[in-house]
Amino acid sequence: MDLVLRNARVVTDGDLVDIGVRNGRIAAMAPNLGAAASERDAAGRLVFPGFVDCHIHLDKAYILDRCTICEGTLAEAVRETARAKAAFTEEDVYARAARLVEQAILHGTMLLRTFVEVDPRAGLRSLAAIRRIKHDYAFAVDIEICAFAQEGLTQEPETENLLSQALAAGADLVGGCPYTDPDPAEHVRRIFDLAERFGTPVDFHADFDLDPEGSALPHIIAETERRGFGGRVSVGHATKLSALEPNAVEAMARRLAATGIAVTVLPATDLFLTGRDARRLVPRGVAPAHLLRQFGVTATIATNNVLNPFTPFGDASLIRMANLYANVAQLARDDEMDAVFAMVSADAARLMGRAYGLRIGGPADLALLDVASSSAAVRQIAAPIASWKSGRLVMERPAGRIFHP
Ligand SMILES: O=c1cc[nH]c(=O)[nH]1
């Protein structure tokens with residue numbers, strides 16, 4: 001064996017096993033494996049295949065110092081970012097994205113989907129930078145690129161042309177944003193047209209407000225059904241779901257599950273940008289992912305934005321996002337924490353159509369958390385302490401130390 005990770009806990013309350021790695025793949029999972037070239041004692045800690053961030057904007061991270069936040073609204077965030085974006089260069093995007101990808105790696109993320117804005121202000125510059133990032137960081141993280149129409153489409157025909165160039169140049173999927181388009185239904189149709197033409201999945205930013213009326217989801221559901229796209233469609237934010245009566249949430253959850261549409265909640269952004277008109281009893285504006293999951297929806301939690309007008313916080317830590325969600329959703333039981341852990345790992349991989357799990361013959365993508373269970377990880381924001389991609393150590397975080405007198 002090239003590597004043996006000893007005394008790993010791969011299932012909460014399960015027996016400890018040694019994980020043997022050969023040629024980048026898991027070769028054995030059993031107690032008391034023989035000696036290997038490299039060894040590490042997990043000492044009963046949780047080992048899993050790494051976090052999955054299925055919704056993160058690398059291209060516009062770390063631009064707080066270029067923007068002014070007065071309102072803290074979605075409209076202001078789109079406006080301020082559009083202004084800053086016009087001055088983005090490829091090198092600037094590369095440097096900021098690299099900084100954020102390195103944060104994600106340090107937090108145990110091994111697979112991510114990033115939205116890259118493609119429009120007359122950004123041209124294809126951000127895309128070029130993120131394609132280089134995807135290549136340069138493949139040693140540690142698989143990156144999927146979603147060419148994204150943040151500022152609408154029907155009112156700006158050049159965006160459609162740029163999206164199709166981005167898809168021809170190797171973007172992995174296409175993303176729409178019906179609420180910034182004067183014709184949301186037509187926006188949805190055109191994004192699906194591009195996805196059909198290039199044979200890619202679609203991912204929409206949808207329903208970013210707390211008015212229960214006017215949802216884009218019925219359009220997205222109808223197009224998904226008409227084109228047989230089930231299992232290849234996801235929507236992010238969907239904050240309107242947090243404003244629906246429980247029976248309406250259940251009805252929508254059943255429709256989304258039956259159609260094969262996944263939902264990603266972005267707690268940091270959804271909390272920051274919604275409910276701005278409330279002077280007291282401020283609503284949370286976070287869609288109830290755990291309830292959607294109970295009705296069979298693939299429901300996930302992700303980072304979204306870091307240090308920009310959409311989210312002036314952040315560090316790409318998915319376990320911190322999971323904890324934030326569990327806290328805001330008022331969850332308490334171990335099974336609820338386990339579900340939340342799945343939303344930043346196995347369920348997010350399912351949203352991306354990727355296989356996930358530790359199995360003999362599978363890739364040796366392994367992350368070691370400083371706890372013995374996924375529920376404890378969510379409760380305590382457990383720090384990832386090391387990770388291996390294809391059996392190669394890519395990250396290690398030393399434990400903090402206290403020096404007693
Ligand atoms: O439209 C949106 C909403 C949240 N975050 C984004 O990046 N874009």
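Q: At what angle do helix α5 (residues 184-198) and helix α6 (residues 217-227) pack?
A: In this predicted model, local features need pLDDT of at least 70 and side-chain atom pairs count only at pLDDT 80 or more, while totals for chains, interfaces and linings use all residues. Residues are numbered from 1 along each chain as its sequence is written, and helices (H or I, at least four residues) and strands (E, at least two) are DSSP runs numbered from the N terminus. Axes are lines fitted to C-alpha atoms, for helices over the stretch in contact, with angles from 0 to 180 degrees between N-to-C directions. The axes of α5 and α6 lie 10 Å apart, and the two helices pack at an angle of about 30°.

Q: How many residues in the contact of α5 with α6 are charged?
A: Two residues are in contact if their C-beta atoms, placed from the backbone, lie within 7 Å. Here Pro184, Ala185, Val188, Arg189, Phe192 and Glu196 of α5 meet His219, Ile220, Glu223 and Arg227 of α6. If Ala, Val, Leu, Ile, Met, Phe, Trp, Tyr, Cys and Pro count as nonpolar, Asp, Glu, Lys and Arg as charged, and the others, Gly among them, as polar, then this contact holds 5 nonpolar residues and 1 polar one, and the number of charged residues is 4.

Q: How many residues in the contact of α2 with α3 are nonpolar?
A: On the α2 side the contact includes Val93, Tyr94 and Ala97, and on the α3 side it includes Ala128, Ile130 and Arg132. Of the residues in this contact, 1 is polar and 3 are charged, while the number that are nonpolar is 9.

Q: Does asparagine 23 count as buried or exposed?
A: Asparagine 23 lies in the loop between β2 (17-22) and β3 (25-30), and it has a positive phi of about 50° although it is not a glycine. A residue is buried if 20 or more other C-beta atoms, placed from the backbone, lie within 10 Å of its own, exposed if 12 or fewer, and partly exposed in between. Because asparagine 23 has 10 C-beta neighbours inside 10 Å, it counts as exposed.

Q: How many C-beta neighbours does tyrosine 62 have inside 10 Å?
A: Tyrosine 62 sits in the loop between β6 (51-56) and α1 (74-85), where its phi is positive, near 55°, in a residue other than glycine. Tyrosine 62 counts as partly exposed because its C-beta neighbours inside 10 Å number 17.

Q: How far apart in space are valine 265 and valine 286, C-alpha to C-alpha?
A: Valine 265 is part of strand β12 (residues 261-265), and it counts as buried because it has 30 C-beta neighbours inside 10 Å. Residues up to four places away in sequence aside, valine 265 touches Asp270, Val286, Ala287, Ala289, Ile301 and Tyr325. Valine 265 and valine 286 are 21 residues apart in sequence, and their C-alpha to C-alpha distance is 6.7 Å.

Q: What percentage of the 405 residues of the protein count as buried?
A: The secondary structure comes to 13 helices and 16 strands. Over the 405 residues of the protein, the buried share is 53%.
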